[in-house]
Structure formats: C-alpha cells, structure tokens
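Have the sequence and the 3D view ready, and follow along.

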Amino acid sequence: MDTLFPEGLPPGTLLDSWQIDGFVGYGTYGVVYRAHRRGQAASQPVALKLARHPNDLRFGREAELLTRIQHPGVPRLLARGVWRGGPRRDTYPYLVMEWVDGLKLYEWAQRHVFTSREVLRLLAQVARALAATHANQGLHRDVKGDNVLVTPSGEAFLMDFGCGTWEGAAPLTDGILAPGTRSYRSAQALRFHWTHRRASAPQYQATPADDVYALGVMAYRLCTGTYPPLATDPSRMGDDGRSTQEALVPPGKLNPLVPVLEALILRMLSDKPQDRGHAAELAEAMEWGAATAGPEADEPVSLGQPEEPGHEGPPVVPSADTRAPVSPARHRDDGSLAFLPWGVGLLVLIAGSVSLEGLGPPSSELRDGGTGGVADAAVEDPRVSSVAHGSEPSGVSLDMPKEPLPGQRRPPCPHDQINIRGGCWVEVARATPPCGEGSYDWKGACYYPVSAPPRPSTSDKP
Ligand SMILES: Nc1ncnc2c1ncn2[C@@H]1O[C@H](COP(=O)(O)OP(=O)(O)OP(=O)(O)O)[C@@H](O)[C@H]1O
C-alpha cells in the first residue's frame, strides 16, 4: 500500500468531513490544502492546514489563538482534527480555516500600482488584527509580508499564528529566541540573543512591541522594496565582530511617501520598544492618515527595482550556540544571492533530511542575507526538521533540475506523485509557470519536490 505523507495528499482525500481539492503550499510546520466540506463541493472553500511533523503542539497554539482573536482581519478557525498517516501511522494535527483568496503582501505590491493611502489602509488593517491579538494577551511573533494576504478587494488578513503564543503559555521551544524571521527581529530581541548567546538559560520574552517592530519592517519593505538594516546595538560595536553599522535610510528618501506614512514607519522601527506605540494607536493613526492625507497620498509609490518578492524563509529558532554574531542585513544589491550555490539557492530543502548547515558557503553568509528569505534559514532548532525555502523569487520559473535534489524522495513514487528525472514531485494544483516559491516548471505545470521519507525519529518532541 502506498504511504501518504502530509505533503502529498491527493485531491479527494478525506480528513474527517473535509475533502481535499488541491495543494496550496507549505511552510516549515504546515502544508496547506484547499478543501471543502464533504458532499458540499459547491460550498465555500476552506484552507486545511496539516502539520508536517507528528503531534506538533504548535497547532494547538494556533487553534487557541485563532479561537481567542475572532477578528475580521484574521481567518476564522472552523474545525480541527488529526490525520493518521506516514509510514508509522503517526498523528498529524490539522486546522480548518476560512479560505482567504489573496496574494501575499509583496506579491500584491509587485502586481499593483499602489499609493501611500492604500498602504496606510492596508497597514491599518494589519495593525487592527495585531491589536486584537494583543488585546487577547496573544502575540503573533512572525509578522511579515509572507504572512499577510491581500484580497482582490483590498482587505488584508494576518495569517499564520503558528509561531504565536499568549501570556502564561509554556514555551514550546528552548532556544533563546522563539521562532521568528530574522529580518523582522526587534533590536531588543537581537540584543538579548547576543547577550545570552553562550548561556543555557533564559528565554527572551517577546512583547507586543516585537510584533509592532516587525510590522514596521514589513511596512518599510513594502514601501521601499528593501529591508531596513537588521536592528543592532551600537554599544556592542566591535564586541561582536561587526565592523560597520548601516544607518536606517528613512523610507521617504528611497521612495516618495506621504509624511504621515514615513513617520509611522519610522516610529514602528524605533529602537526603544516604548517609542513604537501600541498596535491599536498605530492603527488609529494610520486610518486617520489615510482619511486626511492630501492628494499626494494618491500618487503611485513607485518601487523602481524592488527586491523580488519571495518566501522570506521559514521561521527558525536560533539556538543558544549560534555561531554567527548578529550582523547587519545587507542591502538588496549586495549580491548575497551570489553566495548561494545553485543547489542551495534553488532547492526546497527537505524535511528532516538536509539542513543548510554544511552546504556551500559559510552559513553566516547565508544567515544574514537580507534578500527574500535566506536570513536565518541556517539557524534552526535541531528538534524541528526544517524546510528551508530557496531564495528564488516568486514569479520566476525554476527549470526542472536534471537530477534529484539533495534529500528528495526517489522512485518508486506514490501514486499521487510523479517521477521526473529520478525524483518524486507533487504537482501544484492549478498553477502554471512562472511558478515561484521554490516550485519548478515542467512542461507547463509547476511541481514541488517531495521530501525523502523521514528517518526514524530521535526525539518525540515537535
Ligand atoms: N486560510 C488560508 N487561506 C488561503 N491560503 C492560505 C491560508 N492559510 C495559509 N494559506 C497559504 O498556504 C501556504 C502555507 O501556509 P503557511 O505559510 O501558514 O504555512 P506554515 O507552515 O505555517 O508556514 P511558515 O513557514 O511561515 O511557518 C501559504 O501560501 C499561505 O498563504
């Protein structure tokens, strides 16, 4: 009998009363399918997010947060359950959520001519969703462009609460920092990480101000096409091996923005957490700005040559013995992608089989890259097998490699997968080239590589 893996459920598969229509995408922890309620094919589609790792406690976290928040800018949780599968018939939790028909924020930005007013409105919606999260004693902890979907009518949804937590919840990981995405880490989090990098003990306690900082990074990148320099601590200069420190270029210098928008972005990026403001007051200020800014707010925000949107890298957990010091992010033209050998830059590293460590250039070169997701990808929680997304931008087709990628499943491929050039692949439902997001173009369709079956677990922790 064929063994199905969470990433390879074919259309028609039933999980309790939910029937899968097709594969949507996957991240570090979850694979998302479009689905519908059994026997109601014409009903509203739903997003079914299935854990990639057995018994993943993050799913309980995400469910709890989604239940608490209940906000129009956050997908509603409709159901949850477990799926039994894989070679050992493991238990994989899943969540069923409201389907959000939208584009990831930077992809939306690439496809639209947008204005400062629209940015203010979009940011206000995300800030409102964050405010609702914080009002329920929750934290998102992975606010970034990849986790915001924008619908055709301009509604922004804050997605993916899998890294989230709430006051009093026990930590699920024991790294110094909780999962998150490096370019979006706040100054105080990086400082803490640096200070305690050799200690076994304390864990950084994130606060709403970390989410607000990440919102500022997202806004900066949306408006300028580039990340702000990684937040650093000037007092540590020289102590941590950094020889230069990039100054934050005000976003309005890179692109014409209305002053209220620029001021709010700079405020969210303040070094001191208390200077950033709360999500609710920022939302109010953004709404006020959108409502009152003059006609210049309707000028297109032209990005010239923005960084290509791409997956920003999975959230990772820096470990206590992280080898590379915190160093400034590079600008988009720093050629960081040039460090990536073809096989690392383009592949989707496969769960449980391969880590970026040990492949290609020194990992610090990869880790601190500021473009589209290389950052942090090499620093990971050893207990959590990873899928590190390639940094290849969306919208660019990747040609099918001539041989299987490292860690890719080899034939015989299960019936829902296809053998192409000696590797097993899953077709991305309804996608046509350019494929983007680490999927590959083959004869007019898009494919994701399938991971080799996991090795026997050495840990029962998620
Ligand atoms: N409710 C939804 N409606 C539509 N698409 C969704 C929904 N939830 C997730 N997706 C899409 O599914 C894909 C994978 O989802 P997601 O990023 O949440 O997985 P993940 O494992 O949590 O990722 P990460 O690596 O950030 O932890 C993304 O393209 C995302 O936009």
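## A cysteine pair and its surroundings

Cys413 and Cys424 form a disulfide, with their sulfur atoms 2.1 Å apart. To count as one, a pair of cysteine sulfur atoms has to sit within 2.5 Å. By that rule, the count comes to one disulfide. The link of Cys413 and Cys424 is left-handed, with -90 degrees about the S-S bond. It links distant parts of the chain: Cys413 sits in the loop between S12 and S13, while Cys424 belongs to strand S14 (residues 423–427), eleven residues apart. Strands here are DSSP runs of E with at least two residues, numbered from the N terminus.

A quick word on what you're looking at: this is a predicted model, where local features need pLDDT of at least 70, side-chain atom pairs count only at pLDDT 80 or more, and totals for chains, interfaces and linings use all residues. Residues are numbered from 1 along each chain as its sequence is written, and side-chain values use heavy atoms, leaving out hydrogens and water.

Are Cys413 and Cys424 buried or exposed? Both are buried, meaning under 20% relative accessible area, whereas exposed means over 50% (1.4 Å probe, protein chains only). Here are some individual values:

| Residue | Relative accessibility | Class |
|---|---|---|
| Cys163 | 3% | buried |
| Cys223 | 0% | buried |
| Pro412 | 71% | exposed |

Pro412 lies in the loop between strand S12 (398–399) and strand S13 (418–420). The C-alpha atoms of Pro412 and Gly423 are separated by 8.9 Å, and these two residues are eleven apart along the chain.

Technical notes. Helices (H or I, at least four residues) and strands (E, at least two) are DSSP runs, numbered from the N terminus.
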